[in-house]
Amino acid sequence: MQIFGVDIGGSGIKGAPVDLDMGDLAQERLKVLTPHPATPEGVAEGVKEVVEHFGWTGPVGLTFPGVVTGGSTIRTAANVDKSWIDTDARALFSGRLGGLPVTVVNDADAAGVAEMAFGAGRDRSGTVILLTFGTGIGSAVFADGVLVPNTELGHLELHGHDAEKRASSKAKEDGELTWEHWARRVTKYLAHVEMLFSPELFIIGGGVSRKSEKFLHLIEGIKAEIVPAQLQNNAGIVGAAMRAAKGN
């Protein structure tokens, strides 16, 4: 069974048909740049370009980098245009895609769902937290495999700032930080999250998961096991498709 998944990020919009039996992309994904400003209309055009590239005519699952309630309403927009707040995303995307059935889910929640089913969180019980390091920091929290949606732990305060302003991949790039310096910031952030939730496992996702060998060994003093996401930066696409298959 195949469903289309689209992952909307602060820098790129990427999507592909997903093989739900394998938990992997059925075709090579297409990525287009996220428009700036990332307004609802501009992002919807990018999504349309990605979906139409494949000639897709079935259900579509989409991630969004912010809080999504009721499978449709956008409540926060930290790394996209503020005009997203209170937007009916399901109606917007379905209308732009010619009435195709659309499911919208928080981006990190989608990545977490995929990792728990097919990746690093498979068959893991207890508290598992996936963190995506990219333009911001997304989070997905699971208690014995059950998702606690829209946790947005990237906005925890760290040294007087939103944590994602200090420890995201973008913060590393903007500050031209070495892997060692960035890893120290990530360690402080993980220690804060661990103090609050005491997870058994941290899964590190987002684009930086492809380079885990450069920084994971530099993170010390965390009691929880720390592993890279196995689906890496495709987890959001896979998770979006999984949620669309369920119709929520």
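Predicted model: local features only at pLDDT ≥ 70, side-chain atom pairs only at ≥ 80, totals over all residues.
Residues are numbered from 1 along each chain as its sequence is written, and side-chain values use heavy atoms, with hydrogens and water left out.

Let me start with the sheet, which is open, has 5 strands in the order β11-β10-β9-β14-β15, and shows mixed pairing; strands here are DSSP runs of E with at least two residues, helices are runs of H or I with at least four residues, and both are numbered from the N terminus, while two strands pair if DSSP finds at least two bridges between them. At the edges stand β11 (146-148) and β15 (225-228), each with a single partner strand, so one side of each is left without a neighbour in the sheet. Neighbouring strands of this sheet are turned by 25 degrees against each other on average, direction ignored. Helix α3 (residues 107-118) packs on the sheet, where it touches β9, β10, β11 and β14, and its direction makes about 45 degrees with that of β10; axes are lines fitted to C-alpha atoms, for helices over the stretch in contact, and angles run from 0 to 180 degrees between N-to-C directions.

Is strand β9 enclosed or open? Of the 7 residues of β9 (residues 127-133), 6 are buried, so the strand is largely enclosed by the rest of the structure, where buried means under 20% relative accessible area, exposed over 50%, and partly exposed in between, with a 1.4 Å probe and protein chains only. On one hand, β9 pairs with β10 (residues 137-143) in the antiparallel sense over 7 bridges, and the two form a hairpin with 3 residues between them; on the other, β9 pairs with β14 (residues 201-205) in the parallel sense over 5 bridges, with V128 opposite L201.

Within β10, G138 stands opposite T132 and is buried, with a relative accessible area of 9%. Leaving aside neighbours within four places in sequence, G138 is in contact (heavy atoms within 4.5 Å) with A108, L130, L131 and T132.

Finally, turning to the surface, M195 lies in helix α6 (residues 179-197) and is exposed, with a relative accessible area of 55%.
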